[in-house]
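Hello,

Here is the structure for your files. My notes follow below it.

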Amino acid sequence: MKMDTKVLVIGANGQLGSVLTKELRKKYTIENVVASDLKENDNQKGIFEIIDATDRNRIQEIVERYNITQIYHLAAILSAKGEETPLATWDINMKTLFNVLEVSRNNNIDKVFFPSSIAVFGEGAPLENTPDDAYLNPATVYGISKAAGENWAQYYFMRYGLDVRSIRYPGVVGYQSMPGGGTTDYAVDIYHKAVLKEEFNCFLKEDVTLPMIFMDDAIRATIELMEAPKESITVRTSYNIAGISFSPEEVVTEIRKLYPDFKVNYKPDFRQEIASRWPSSIDDASAIKDWGWQPEFNLKAITEIMVQKLQEKYKKGMPNKEILTF
Ligand code: VAH
């Protein structure tokens with residue numbers, strides 16, 4: 001019989017993983033959350049273990065050592081980066097998921113979180129108010145791996161009763177961490193450049209509207225989903241959630257209310273092609289019905305908070321962190 005909730009976060013150094021780990025430590029105490037990633041991260045206060053999630057035995061070892069009861073699997077190669085090495089991306093994204101699912105079912109893990117993405121949608125799905133059950137036709141290897149992963153998550157629930165839960169994240173915007181290799185990374189980098197009073201080169205067209213979400217909303221959605229009573233979960237592939245949809249030019253308009261001279265050049269690259277196949281807005285009726293999802297941050301609020309927090313960080317001398325760019 002397992003006692004306390006003991007959480008393992010795989011991919012704890014990532015854009016979402018680093019913020020989620022901090023929130024989980026607040027919720028379950030620092031002793032009950034084990035952060036892990038490919039390399040040490042000294043700004044994580046708490047238990048940290050090196051895990052390469054392609055190594056199933058290593059996951060097993062850590063699950064046993066800490067008597068883990070929940071696993072959040074946040075490690076994956078994202079949409080843009082993933083296109084550089086398609087087969088390696090597929091291999092890493094799927095192998096790590098299979099390892100987490102197998103270790104979880106073999107160790108009676110109570111709950112598993114698997115992040116999916118709006119990248120699972122493509123040609124053939126309605127691009128406005130895209131519903132949970134829309135036709136999945138991903139155009140990136142990342143999206144293909146997430147669509148496959150959703151079906152494997154559902155299979156492990158149906159076949160083995162493993163309580164795997166999943167959210168299709170929109171593009172995540174936060175000041176707490178840097179994204180890496182995503183098509184929506186522009187929406188974080190743009191705020192850094194504005195606060196540093198530097199020119200911004202946008203790799204998407206000014207009018208491409210994408211579903212986005214503020215980091216605080218994304219983290220709250222994740223924890224609310226994982227806390228929902230098991231019987232209320234009716235979607236075992238992955239839940240759509242909506243935050244706020246916006247285009248680069250809409251962000252620029254909001255930023256220029258605070259930085260009137262902010263200069264932006266639009267230089268669409270291969271990521272524009274990826275973004276053009278993604279929905280512009282999401283229907284999250286199931287998340288609202290099943291576990292009461294409601295976003296709290298609109299673009300105005302996101303912009304004000306991002307600017308204020310980044311001003312504070314840069315005043316404290318945070319290095320000018322370039323977003324991973326190509
Ligand atoms: C990406 N940030 O751009 C991720 C996300 C919806 C986008 O999946 O790949």
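A polar contact here is a pair of N or O atoms within 3.5 Å; within protein, one must be able to donate a hydrogen and the other to accept it, and residues adjacent in sequence count only if both atoms are side-chain atoms. A nitrogen atom of the ligand is 3.0 Å from an N or O atom in the side chain of Thr 184. The protein covers 95% of the 280 Å² of accessible area that the ligand has on its own (Shrake-Rupley method, 1.4 Å probe).

Some ground rules. The model is predicted: local features need pLDDT of at least 70, side-chain atom pairs count only at pLDDT 80 or more, and totals for chains, interfaces and linings use all residues. Residues are numbered from 1 along each chain as its sequence is written, and side-chain values use heavy atoms, with hydrogens and water left out.

Confidence next. Mean pLDDT (the predictor's confidence in each residue, from 0 to 100) is 95 for the chain. 96% of the residues reach 70 or more. Over residues 321–326, pLDDT stays under 50. The model has 17 contacts (heavy atoms within 4.5 Å) for that stretch beyond four places in sequence.

Back to the ligand. An oxygen atom of the ligand is 2.7 Å from an N or O atom in the side chain of Tyr 142. Thr 183 has a polar backbone atom 2.7 Å from a ligand oxygen atom. Residues around the ligand (a heavy atom within 4 Å) include Leu 78, Ser 117, Tyr 169, Gly 182 and Trp 278. The shell divides into six nonpolar, six polar and no charged residues.

Now the domains. The assignment, automatic or from a database, gives domain 1 (7–170 + 215–240) and domain 2 (173–210 + 243–278 + 297–317). The contact takes 20 residues from domain 1 and 18 residues from domain 2. Their centres, taken over C-alpha atoms, are 25 Å apart. Between them they bury about 1600 Å² (accessible area lost on being put together, 1.4 Å probe, summed over both), 59% of it on carbon and sulfur atoms. The ligand shell draws at least three residues from each domain.

Best wishes

Definitions and conventions: Ala, Val, Leu, Ile, Met, Phe, Trp, Tyr, Cys and Pro count as nonpolar, Asp, Glu, Lys and Arg as charged, and the others, Gly among them, as polar. Buried area is the accessible area (1.4 Å probe) that two parts lose on being put together, summed over both.
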